[in-house]
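Hi,

Here is the structure I promised to pass on.

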Amino acid sequence: MKLSNIQRFWISFVLSLPMLIQMFAMPFHWMMPGYNWIALITTTIIMAISAFPYWKSAIAAFKKHSANMNTLVATGTAVAYFYSIFAMITGRAVYFESAAFVTVFVLLGDAMEEKMHNNASNALGKLMGLQAKDAEVLKNGKFVKVPLDQVQVGDLIRVKPGEKVPVDGTILEGVTSLDESMVTGESMPVMKKAGDTVVGSTINNNGTITFKATKVGADTMLAQIVDLVKKAQTSHAPIQNLTDKISNIFVPAVMIIAILTFMIWYSFVDVTFVQALLFAVSVIVIACPCALGLATPTALMVGTARSAKMGVLIKNGEVLQEVSDIDTVVFDKTGTITVGKPVVTDIIGDAKKVLTIAASLEESSEHPLASAILQKAKDKGILPVKVDKFEAVEGKGVRAKYNGQIAFVGSNRLLVDVNISQEMVSRAEKLQNEAKTVVYVGLDGEIIGLVAIQDVPKPSSKNAITELKARGLMTVMLTGDNKRVAHAVADEVGIDKVIAEVMPNDKAQQIKKLQDNGKTVAFVGDGINDAPALSTADVGIAMGSGTDIAIDSGGIVLVQNDLQGVVRALDISKKTFNRIKLNLFWALIYNVIGIPIAAGLFAVVGFTLSPELAGLAMAFSSVSVVSSSLLLNKAKIAGDNDVQA
């Protein structure tokens with residue numbers, strides 16, 4: 001049975017515990033009974049189960065005349081392990097813990113990467129899970145439920161209120177409103193009638209419709225989104241790990257230095273074979289990649305833990321490297337920059353009277369905007385009044401008797417034979433120019449007020465975008481909404497560029513265009529329609545209030561539905577990646593200083609480094625890397641008022 005990296009990590013960690021206990025006990029001059037045999041047995045199991053894949057990879061790289069991080073791991077663990085066996089036989093100090101801990105630390109990073117890949121695969125499964133399971137298809141004059149995979153192009157399908165549209169098609173009968181936000185990004189429910197198209201997996205809010213299936217199976221928009229996410233996830237070239245780049249030079253250099261050290265001491269200096277070997281072993285032990293193995297995972301663990309407390313979840317280490325190069329941040333509009341649902345923004349006229357009449361009539365209405373009016377009335381403590389002879393006028397609004405008078409609420413299509421002042425006309429035009437939906441409220445043949453409804457920006461959006469621009473980043477809005485609404489929102493929050501009326505399968509293409517123009521792009525979104533763009537972008541940032549698919553597709557997830565989290569995400573990611581680079585520097589500087597000493601360069605002045613001291617120096621380099629990583633907890637991050645610089 002093949003073990004996963006996560007399983008190998010836990011096995012190695014548990015087996016290394018006796019050596020960890022011994023390391024802490026050494027300053028107190030306590031030796032675990034039979035320690036050498038315990039270390040030999042546990043390390044041998046670790047080598048066989050966990051380190052062997054690294055040895056295999058290192059051998060494969062060697063055959064291709066190259067070196068990678070696995071070469072470092074294989075070299076360090078093999079020398080420490082086999083020399084320790086030799087030392088145990090000859091009564092010298094052993095270094096089994098070096099071989100064991102290097103394996104444990106490197107496996108930790110691999111386990112984290114494996115978990116990230118598992119999450120990516122789950123995202124595709126969840127996408128397909130959004131489909132309806134069956135459909136009501138007309139057969140022999142009756143609508144009968146059939147499994148989704150039996151639906152064919154040309155079938156007549158009925159969808160009742162509250163049900164999902166099973167496949168893409170064109171409406172033949174009925175009027176309804178559909179929640180298409182998951183597919184198109186349109187915040188408002190969309191009114192649909194005969195001749196209009198419907199998209200599979202959208203939700204039918206009210207009204208029963210019959211439509212003709214035009215696309216089924218792999219041709220539906222949802223299936224195409226799944227395909228786009230799959231391609232985007234597999235098209236990313238793996239980021240070359242810094243440690244691999246370093247090891248390509250470092251490993252051969254260390255091996256050459258160790259061999260030369262042995263040859264020079266044994267051939268030209270009057271020392272024994274074992275003494276010459278000890279100098280060579282000291283070189284390899286002090287160059288053991290323990291600190292290099294710790295440099296990335298410790299910074300990543302501290303950085304991700306710190307960011308999690310701030311509501312920012314960083315999924316993998318690759319994101320950190322990409323964030324450091326980001327120069328453009330692209331935002332979805334609905335639910336990302338904006339609240340994601342219609343709210344009442346303005347009331348023109350006698351506010352209490354206008355809202356009372358509007359709420360009283362809309363209480364019996366199924367129109368998508370009714371909930372916004374009723375919520376506003378509730379917030380103001382206004383209770384709807386019972387009305388008589390309620391009537392819904394298709395595509396126009398509602399009418400009813402209110403306190404004995406005819407009242408109406410609806411669009412300008414109701415303004416026939418109705419008195420409306422020029423002031424009301426001007427105010428309505430002004431609100432419409434602000435990309436707001438205007439609802440007219442009339443009583444006894446006269447317009448008495450207006451109610452403006454809009455999907456408004458979140459309170460944090462403007463400040464967050466201002467901070468991003470202050471960092472020299474270009475901001476872009478990418479949305480399925482119409483241009484007027486998009487530009488109105490963009491102007492309000494300070495977005496640099498707007499790309500509107502974009503369908504889901506085009507969002508990823510728009511991101512690709514920016515990348516082709518030399519931009520390194522972070523995309524922020526929250527809906528199913530954002531999944532391809534989140535995967536295509538160099539860095540995908542998903543809002544935690546969004547769909548599971550968006551969350552799984554993003555490399556960074558914001559737990560709070562707040563754009564200030566984007567600023568925090570970019571700050572903590574950059575600082576964490578910079579800390580990794582600093583850790584790598586410290587990990588290498590010990591080798592630069594320690595290798596000449598270990599090789600006996602200063603032996604003429606009596607300054608040498610035995611394998612025991614080389615092991616101690618190597619351990620100290622690990623401590624310095626861990627300490628460096630822990631300093632991330634003190635780094636100042638935007639919006640984190642509790643942290644001092």
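Helices here are DSSP runs of H or I with at least four residues, and strands are runs of E with at least two, both numbered from the N terminus. This is a predicted model, so to speak of local features we need pLDDT of at least 70, while side-chain atom pairs count only at pLDDT 80 or more and totals for chains, interfaces and linings use all residues. Residues are numbered from 1 along each chain as its sequence is written, and side-chain values use heavy atoms, leaving out hydrogens and water.

Let's start with Ile580, which sits in helix α20 (residues 564-598). Ile580 counts as buried because its relative accessibility is 6%; the cut-off for buried is under 20% relative accessible area, with a 1.4 Å probe and protein chains only. Leaving aside residues up to four places away in sequence, Ile580 touches Ala295, Thr296, Ala299 and Leu320, contact being heavy atoms within 4.5 Å. Pro297 is 283 residues from Ile580 in sequence, yet their C-alphas are 8.6 Å apart.

Next, α15 (residues 461-470): its buried residues are Ser461, Ala464, Ile465 and Leu468. They lie on the same side of α15, because they cover an arc of only 95 degrees around the axis, taken from the directions from the helix axis to the C-beta atoms. The buried residues of α15 pack against β11 (328-331), α11 (333-337), β18 (474-478), α16 (483-493) and, again, α20. After α15 comes Gly472, with a positive phi near 85 degrees.

Cheers

Notes:
Buried < 20%, exposed > 50% of the residue type's maximum accessible area, 1.4 Å probe, protein only.
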